[in-house]
Amino acid sequence: MTDGKPSFGKRNKRSHVICRRCGKHAMHRTDKICAACGFGKSKRMRKYNWQTKTGTTTSQRK
Ligand SMILES: [Zn+2]
């Protein structure tokens, strides 16, 4: 298994399409769940504490 340039030619399956909420190319076609914002899974935006430096849900820094 080579994960370098030669294997890029096999990546032709479109499992994700453009999400209409966040605009990212992360909406799964069959699952209908956006991997970036959680659209289809939750009503609120997908957010984790580890995404921020402070470790809080808000992105505010002190
Ligand atoms: Zn999204």
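Analyst: Happy to! Asp-31 is exposed, because 12 other C-beta atoms lie within 10 Å (exposed means 12 or fewer other C-beta atoms within 10 Å of its own, buried 20 or more, partly exposed in between, with C-beta atoms placed from the backbone). This is a predicted model, where local features need pLDDT of at least 70 and side-chain atom pairs count only at pLDDT 80 or more, while totals for chains, interfaces and linings use all residues. Residues are numbered from 1 along each chain as its sequence is written.

User: Where is Asp-31 in the chain layout?
Analyst: Asp-31 is in the segment after strand 2 (strands are DSSP runs of E, at least two residues, and helices runs of H or I, at least four, numbered from the N terminus). Its C-alpha atom is separated by 9.2 Å from that of Ser-15, 16 residues apart along the chain.

User: And Lys-32, buried or exposed?
Analyst: Lys-32 is exposed, since it has 11 other C-beta atoms within 10 Å. Its phi is near 60°, a positive value in a residue other than glycine.

User: New topic: how many helices and strands are there?
Analyst: The protein has 0 helices and 2 strands.

User: What's in the largest nonpolar core?
Analyst: That core has 5 residues: Cys-19, Met-27, Cys-34, Cys-37 and Phe-39 (a nonpolar core is a set of buried Ala, Val, Leu, Ile, Met, Phe, Trp, Tyr and Cys residues joined through C-beta atoms within 7 Å).

User: How much of the protein is buried?
Analyst: Buried residues are 8% of the 62 residues.
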